[in-house]
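Hi there,

Here is the structure I promised to pass on to you. Have a look at it first, and then read my notes below with the model open beside them.

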Amino acid sequence: MARLVQKFGGTSVADVDRIKIVAQRVKREVDAGHELIVVVSAMSGTTNQLVAWTNQTSEMADPAEYDVVVSSGEQVTAGLLAIALQAIGVPARSWMGWQLPLKTDGAHAKARIQGIDLEQIKARAAQGEVAVVAGFQGATEDRRISTLGRGGSDTSAVALAAAFDAERCDIFTDVDGVYTTDPRIVARARKLDKITYEEMLEMASQGAKVLQTRSVEMAMNHRVRVQVLSSFVDRPGTMVVDEDEILEKQVVSGIAYSRDEAKITVANVSDRPGVAAAIFGPLADAGINVDMIVQNVSRDGQATDMTFTVGKADITRAVKVLEANRDHVRYERIVSSADVVKISVIGVGMRSHAGVAQKMFQTLADKGINIQVISTSEIKVAVLVAEEYLELALRALHSAYGLDAVDAA
């Protein structure tokens, strides 16, 4: 017997028929003698509809009331799954975040978990009752409903697994695991049996949509073993685990990409102490996240160019912030472009192998692809290239690092 947490995403519970299929999958684990917590998302498309209704009602909605509305989709799913389980003879009870309670800070729409009380659920689980928990939601100190941000049900599930001392947290999605890259673009992409927390964190933060970044951070911090698998096929998925569990470490485990990138160049900036703070301080104050940063070599010690990336949704606002601070920054002009994509090569094996970056640069050069910006970390090399070259670059790099599946067409 083991304690397990299972999380089912929106496509897995998209309608009543799929909820009944989920109930059968849960029953199988109950029949095997396991203690279970099940975390559910809202039905596919529901949260988008709730957000749209809120925005139609008021463009400046009270964040606390916004959370009340957008969290209601998970409540519906939790109740329906509990009913479906009861109908097939499985004792079950639905739980909202505030009922546990799952305690969060007061940052509505992006709350962070501060603690979970599972005493009731642990006692009931020991008696065979399945707890069906609404993901994505919690409660503030003053007992208002809060939400954890888009994709927050993954974080709910991992946090519950840590508090429940679960052997494993299974995240059921519409894909059957984590792939070396996007199989919709690279036909020879292959599913990984295991991936380290660090690699998965880099994959998630660099554009892979399989798991929410915060959920991977939490899993790594609490050493929660996570399995990513499909709701629609009955086979093992990809285990996200500690590096010690992987005996043979690949130099490169995967290649991620993000289309959500925009490049800004602040040209002919006065090269003086404090200029970087003058540029990036106001952007930070405006809540604009900056990713890749490159400062060109100074021209005659007088002026330089500063290039960096922001999310596409922030490009207009970022340019306005810089324009408002022109007298303080003292630059000649701003050049911006949203027609770029970031491609990241990721692998813990980079720590002990030289030449990974050089292979990336040479492979792209051989295909005539110009690199605009470069960023590195201990287990990642990321480049910014023109968006039109995304598919060509992914396929070339996937082959160059020996990631192609041998039996693919």
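What follows is a short tour of what was found. Please keep in mind that this is a predicted model.

**The nonpolar cores**

Let's start inside. The largest nonpolar core has 38 residues. Val5, Ile37, Val133, Cys169 and Val226 are the residues with the most contacts inside this core. Two or more residues each come from strand 2 (35-40), helix 5 (119-126), strand 6 (130-134), helix 6, strand 9 (168-173), helix 7, helix 8 and strand 11. Which of these gives the most? That is helix 6, with five residues.

Leaving out residues up to four places away in sequence, Val226 touches Val158, Cys169, Ile171, Leu211, Ala219, Thr238, Met239 and Val240. There is also a second, separate core of 24 residues, and Leu4, Ala23, Val38 and Ala84 are among its members.

**Helix 8**

Helix 8 spans residues 213-222, and its buried residues are Arg214, Ser215, Val216, Met218, Ala219 and Met220. The cover over these buried residues includes strand 5 (113-116), helix 6 (152-163), helix 7 (197-205) and strand 11 (226-230). Just after helix 8 comes Arg223, which has a positive phi of about 55°.

Helix 2 covers residues 46-57, and Thr54 sits in it. Is Thr54 buried or exposed? Its relative accessibility is 7%, so Thr54 counts as buried. Beyond residues up to four places away in sequence, Thr54 touches Ala61, Tyr66, Val69 and Val70.

Thr47 is found in helix 2 as well. Thr47 has a relative accessible area of 11% and is buried. Setting aside neighbours within four places in sequence, Thr47 is in contact with Ala42, Val70, Glu74 and Arg150.

Now find helix 10, residues 315-324, where Ile315, Ala318, Val319, Val321 and Leu322 are buried. Why do they lie on the same side of helix 10? Because they cover an arc of only 160° around the axis. The face turned away from the buried side carries the exposed residues Thr316, Lys320 and Ala324. Colour these two groups differently and you can compare the faces for yourself.

What do the buried residues of helix 10 pack against? Their partners are strand 14 (262-270), helix 9 (275-285), strand 16 (303-310), helix 11 (326-329) and strand 17 (333-337).

Val275 counts as buried, at 4% relative accessibility. Not counting residues up to four places away in sequence, Val275 touches Val269, Ser270 and Val329. Between Val275 and Met306 there are 31 residues of separation in sequence, and their C-alpha atoms are 9.6 Å apart in space.

Next, look for an open sheet of four strands in the order 13-18-20-19, with antiparallel pairing. Strand 13 (254-258) and strand 19 stand at the edges with a single partner strand each, so one side of each has no neighbour in the sheet. On average, neighbouring strands of this sheet are turned by 20° against each other, direction ignored.

Strand 13 and strand 18 pair in the antiparallel sense over five bridges, and Ser258 has Lys342 in strand 18 as its bridge partner. Helix 13 (residues 390-400) packs on the sheet and touches strand 13, strand 18 and strand 20. The direction of helix 13 makes about 10° with that of strand 18.

Strand 19 (residues 373-377) and strand 20 (residues 380-386) run antiparallel and are joined by five bridges. These two strands form a hairpin with two residues between them. Within this pair, Ile374 stands opposite Val383 in strand 20.

**A histidine in a loop**

The last stop is His353, in the loop between strand 18 (340-346) and helix 12 (356-366). His353 counts as partly exposed, at 41% relative accessibility. The His353 side chain reaches the backbone oxygen of Gly349 at 2.9 Å. From His353 to Leu81 the separation is 272 residues in sequence and 49 Å in space, C-alpha to C-alpha.

Enjoy exploring, and write back with any questions.

Best wishes

Terms used: Residues are numbered from 1 along each chain as its sequence is written. This is a predicted model: local features need pLDDT of at least 70, side-chain atom pairs count only at pLDDT 80 or more; totals for chains, interfaces and linings use all residues. Side-chain values use heavy atoms; hydrogens and water are left out. Buried means under 20% relative accessible area, exposed over 50%, partly exposed in between (1.4 Å probe, protein chains only). The arc is that of the directions from the helix axis to the C-beta atoms. Contact means heavy atoms within 4.5 Å. Two strands pair if DSSP finds at least two bridges between them. A nonpolar core is a set of buried Ala, Val, Leu, Ile, Met, Phe, Trp, Tyr and Cys residues joined through side-chain atoms within 4.5 Å. A polar contact is a pair of N or O atoms within 3.5 Å; within protein, one must be able to donate a hydrogen and the other to accept it, and residues adjacent in sequence count only if both atoms are side-chain atoms. Axes are lines fitted to C-alpha atoms, for helices over the stretch in contact, and angles run from 0 to 180 degrees between N-to-C directions.
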